[in-house]
Amino acid sequence: MKSYLISDNKDTIIGLRLAGIQGVLAKTPEEMKEYFSKAVENENIGIIIITETILEAIKEEVLDLKKSGSSKLVVTIPDRTGLRDKDFIMRYIKESIGLKV
């Protein structure tokens, strides 16, 4: 199984290509949805990597895939500007174990 990137900026694509991960550049929400559905249909792709911007644009499609019980893993990464939600780690810990650190 391969990993596949769907990104909205060239820097992320170039960086992950250096690690051997192929991907596509999607600028419009229509392109994002199209590339995501093609990646879901491709049996050779096991991990779909998307940037936070892509997730915001196609959140329903991603959630539908996760709810479907598919064996594909969807991973969201920050783009070149970093995490949008700076309190992500703290919130994640609180939601996971119920403690505020």
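Start with the contacts across the whole chain of this predicted model. Of those with a separation of 6 or more, 63% are between residues 24 or more positions apart. Trace them from the N terminus and the run reads β-α-β-α-β-α-α-β-α.

Next, select the strands. In what order do they sit in the open sheet? Going across, the order is β2-β1-β3-β4, and the pairing is parallel. At the edges you have β2, residues 22–25, and β4, residues 73–77, each of which pairs on one side only. Look along the sheet and you'll see a twist that averages 20° from one strand to the next.

Zoom in on β1, residues 2–7. This strand pairs with β2 in the parallel sense, over four bridges. For a specific spot, pick Ile6: its bridge partner in β2 is Val24.

Which strands does α2 lie across? The answer is β1, β2, β3 (45–51) and β4. Relative to β3, the helix runs at about 160°.

The accessible area of the chain is about 6900 Å², and carbon and sulfur atoms hold 55% of that. Then color by burial: of the 101 residues in the chain, 31% are buried.

Technical notes
Residues numbered from 1 in each chain as written. Predicted model: local features only at pLDDT ≥ 70, side-chain atom pairs only at ≥ 80, totals over all residues. Heavy atoms only, no water. Helix = DSSP H or I, 4+ residues; strand = E, 2+ residues; numbered from the N terminus. Buried < 20%, exposed > 50% of the residue type's maximum accessible area, 1.4 Å probe, protein only. Contact = heavy atoms within 4.5 Å. Areas by Shrake-Rupley, 256 points an atom, 1.4 Å probe, with all protein chains shown as cover. Pairing = 2+ DSSP bridges. Axes fitted to C-alpha atoms, helices over the stretch in contact; angles between N-to-C directions.
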